[in-house]
Amino acid sequence: MHPDPILVASDWIATFSTATGCGDPQRVAETFLPTGWLRDVLVFTWDIRSLEGREGIASYLVDTLPQSRLSDYKIEKSPFLTPKTFEVPLKAAFGVEVAFTFECAHGHGRAYARLVPDEDGAYRAMTLMTELRDLPGYEERGILPLRDDNTGLPGIDMGEEFANWVKEVETKPHVLIVGGGQTALQIAARFKQMDISALVVERHARVGDSWRRRYPSLTLHTIRRHHTLLYQPYPSNWPEYTPRAKIADWLEHYAVSQDLVVWTNAELKLQPKYNAETKDWDVTILREGFEVKLRPAHIVLATGTLGEPNIPDIAEVDRFGGQVMHSQQFAGGAPYAGKKAVVIGAGNSSIDICQDLVLRGAESVTMIQRSQTCVLSREFIGGMLRQSFPEDIPLPVADFRWASFPVGLLKKFMIADQQSALDANKDLHDKLKKGGLNLNMGPEGQGIYILTMERGGGFWLDKGGADMIADGRIKVKSGVSPQRFTETGLVLSDGSELTADLVVFATGFVRMRDSNAEVLGQEILDQTDDVCGLDKEGEINGSYRPSGHPGLWFATGDFFISRFMSKPLALQIKAIQLGMLKHDGRRVGANARDRVSRL
């Protein structure tokens, strides 16, 4: 029998309200299942945490609950967020989902809970996300500033006001955002609506060039709804899987339509200096050959989750008479018609390049698979994403709901239910095994979505490559690695030799933190935490949280992550600006003071 969602939600919120009002961490923890999860985004501390189990939740709340001052709980009235039932994953039971708002010491909060019947029949939280939504008096704006119609108002010139604003941002930015990709632009758009002046510097000649420079057959592997940009949906007839050229042009269009201030042909010169007394950076930007001095309070590095190309050091490369390149340099398979190609690696880039080479008439194409690969069909993952990001609900609602599910718990569910993915992809896997590919569902069985966040590699989403492997058009050498080059090819670790005219290293990229070592300098880098991958709680290492060095932030992740996490990053920087949050670069909480409001 289905529960009454409004009754269950109201009862649980009342119990939770009483527990938080008493300031008793143990009572709060008891509103969760014994295996429940709390994901906290800037409510109980100025940090982003995921806690598993009653003991972990209670321990987290011991010092944080009294100062958080949660109050004024209200169930969300939005038709897309009203309480509803849901089928509990991996259990023959129904639970209740509920969104609610509240006030807290830091400002306006909201939460999303999934309530499940415990052994005693009482509904308790399987998951709860608490999120700081806005700072009182400094709420996120809903309309682009300086663009509202004020025609006819005396003394106001909209064009002149906007030009003056751009000049102010270009000379005195509060934040310098390094990088001009989707993460950087979504952060800049969010900052603009939060009244945080931000200048974006992009080293290429045009916004989107980082995509234009990739191999021409590249398309995004997630559905368009997942890779939509903040505030700006695609046209209704947009391709489901966006080609690289279209996403490049859309990013350029996005920067213009969102009124972002972007310098192209601009790079951060080596080793900016931070002044601990004035709490700002001494930065030099090389813009179109000229040096420009700036003093931003913050630098956000958004140069891409993956940095510079990772090319293994293979002996005797100078002996090789053919071409050697990284996948980033691969400009398409047409020049290699009638040639023998070897692609090292077995991830998304590798299979895309192998397919392109076959379709462009290469004489032979061989993939070298050094370790196991997780492969699922693109449509299988697309179906899952369509359930999480449906077209018939607003994207901010879908983001809120998806973010409320802790990654650590999602990983447990993926591992427990991996057989379902194996069954759904059996035909695909049979083709790949026939061609000699060594498969897994990730080292722990966690699947592609978690692997994306943990490793950024070791998988691919198939869109026809399996057929080419099954029929031999793409040959696979598995469990081997290249040892040295010869004049005509490669010698592998099993002693065999491959003849080649072209060798492509589809071997991934250096992590973002390491690729920025030269720019930041070792002294600064040594103060920062790891970036990318997941910490033990399932949160992204080093991103959208204090980096360890004051005024320095890293921003990584896919379109959804950048869309959602741009808000907590903006809130932290705004809170620092307002004096609510210590400006020391460490993840140690906030100053003890009342909430800020504008008088």
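We visit a sheet, a helix lying across strands, and then a pair of helices. Keep in mind that this is a predicted model.

**Stop 1: the sheet**

Select strands β17, β26, β18, β19 and β22. These 5 strands form an open sheet, in the order β17-β26-β18-β19-β22. The pairing is parallel. Now colour β17 (323–326) and β22 (474–478). Both stand at the edges with a single partner strand each, so one side of each has no neighbour in the sheet. Turn the view to look for the twist. From one strand to the next, it averages 20 degrees.

**Stop 2**

Keep β19 (residues 364–369) and β22 on screen. How many bridges join β19 to β22? There are 5, and the two strands run parallel. Show I368 next. Opposite I368 stands K477 in β22.

**Stop 3: a helix across the strands**

Helix α9 lies across β18 (340–344), β19, β22 and β26 (502–505). Its direction is at about 170 degrees to β19.

**Stop 4: two helices crossing**

Select α11 (residues 395–403) and α20 (residues 559–578). Their axes come within 10 Å and cross at roughly 95 degrees. Angles of 65 to 115 degrees count as roughly perpendicular, so α11 is roughly perpendicular to α20.

Which residues make the contact? On α11, show L395, D399, F400, W402 and A403. On α20, show F560, R563 and F564. Colour these residues by type: 6 are nonpolar, 2 are charged and none is polar.

Notes
Residues numbered from 1 in each chain as written. Predicted model: local features only at pLDDT ≥ 70, side-chain atom pairs only at ≥ 80, totals over all residues. Heavy atoms only, no water. Axes fitted to C-alpha atoms, helices over the stretch in contact; angles between N-to-C directions. Helix = DSSP H or I, 4+ residues; strand = E, 2+ residues; numbered from the N terminus. Parallel < 35°, antiparallel > 145°, perpendicular 65-115°, else oblique. Contact = heavy atoms within 4.5 Å. Nonpolar A, V, L, I, M, F, W, Y, C, P; charged D, E, K, R; others polar. Pairing = 2+ DSSP bridges.
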